[in-house]
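Good morning, and thank you for making time for this presentation.

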Amino acid sequence: MSFPHFIVCTGGTKGDLYPYLRLAQSLAAKGVRVTMLAPEVHGEQVKAAGLAYEPNLSEARYHEVLDNPLLFDPHQGLKALFSGTDQELLDARAQLLRVAGGQPAVLLCHPFYLFAAGLARAAAPELRVVGAYLAPSNLRTVHDLHFMGPMPIAHWLPLAARACCGSRPMLALWTP
């Protein structure tokens with residue numbers, strides 16, 4: 001059986017890197033062609049794992065994001081994380097397409113890269129996209145009690161009403 005090329009794409013800290021690195025190593029051990037895209041600061045670790053590697057985030061940009069004091073602010077964190085990413089999104093799309101090389105491939109992506117992977121697939125339908133959520137505690141469902149802004153959502157609220165409050169579950173993607 002011939003497997004497609006797996007392009008494993010992650011970002012973030014080592015907490016994001018390690019699960020994807022292990023997935024990539026497991027695929028490679030089964031004879032699958034794997035290329036890992038990860039921040040430049042993790043490049044030596046990926047190469048030491050015996051994987052083909054390309055940087056998808058410069059060391060300077062990595063530190064710019066992580067050193068932003070607003071990153072862990074509950075109201076400003078996502079804005080700090082995604083500010084100035086328009087060109088990065090287009091660059092990620094182009095990189096995914098280039099690494100796939102016009103051949104069938106599976107883009108196994110960290111959730112932050114799913115949008116770029118979707119754009120790449122729109123340009124190259126032979127690509128398949130898998131979103132790997134490796135921190136399931138971050139997935140929200142209508143069954144969990146959580147907040148809408150600063151207001152807690154009441155546990156007695158019917159599920160349909162909870163869904164209207166922005167509590168729709170998020171699921172990993174596989175496009176056949």
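This is a predicted model: local features need pLDDT of at least 70, side-chain atom pairs count only at pLDDT 80 or more; totals for chains, interfaces and linings use all residues.

Residues are numbered from 1 along each chain as its sequence is written, and side-chain values use heavy atoms, with hydrogens and water left out.

Let me begin with the chain. It contains seven helices and seven strands; helices (H or I, at least four residues) and strands (E, at least two) are DSSP runs, numbered from the N terminus. Along the sequence, the pattern reads β-α-β-α-β-α-α-α-β-α-β-β-β-α. Of the 176 residues, 35% are buried. Here, buried means under 20% relative accessible area, exposed means over 50%, and partly exposed lies in between, with a 1.4 Å probe and protein chains only. Contact means heavy atoms within 4.5 Å. Among contacts between residues at least 6 apart in sequence, 53% join residues at least 24 apart.

I turn now to the sheet. In what order do the five strands of the open sheet lie? The order is 3-2-1-4-5, with parallel pairing; two strands pair if DSSP finds at least two bridges between them. From one strand to the next, the twist averages 20°. For such angles, axes are lines fitted to C-alpha atoms, for helices over the stretch in contact, and angles run from 0 to 180 degrees between N-to-C directions.

Helix 1 (residues 14-29) packs on this sheet and touches strand 1, strand 2 (34-39) and strand 4. The direction of helix 1 makes about 165° with that of strand 2.

Strand 1 (residues 5-9) runs parallel to strand 4 (residues 105-109), and five bridges join them. Within that pairing, I7 has L107 as its bridge partner, and V8 stands opposite L108. Strand 1 is also parallel to strand 2, through four bridges, and there the bridge partner of I7 is T35.

Is strand 4 largely buried or exposed? Five of its five residues are buried, so strand 4 is largely enclosed by the rest of the structure. In a regular strand the side chains alternate between the two faces of the sheet. Here both faces are covered, with A105, L107 and C109 buried on one side and V106 and L108 buried on the other. Strand 4 also pairs in the parallel sense with strand 5 over five bridges, and V106 has R128 of strand 5 as its bridge partner.

Strand 2 is likewise largely enclosed by the rest of the structure, because six of its six residues are buried. T35 belongs to this strand and counts as buried at 8% relative accessibility. Beyond its neighbours within four places in sequence, T35 is in contact with H5, F6, I7, V8, A52 and V99.

Next, the helix pair. Two packed helices are described by the angle between their axes and the distance between the axes. For helix 5 (residues 86-100) and helix 6 (residues 114-123), the axes come within 8 Å and cross at roughly 50°. That makes helix 5 oblique to helix 6; angles under 35 degrees count as roughly parallel, over 145 as roughly antiparallel, 65 to 115 as roughly perpendicular and the rest as oblique. Helix 5 contributes L89, A92, R93, L96 and L97 to the contact, and helix 6 contributes F115, A116, A117, L119, A120 and A123.

Finally, two prolines. P104 is found in the loop between helix 5 and strand 4 and is partly exposed at 47% relative accessibility. Leaving aside neighbours within four places in sequence, P104 is in contact with P4, H5 and E126. P19, in helix 1, is partly exposed with a relative accessible area of 28%. Not counting residues up to four places away in sequence, P19 touches K14 and L134. The C-alpha atoms of P19 and A132 are separated by 9.7 Å, although these residues are 113 apart along the chain.
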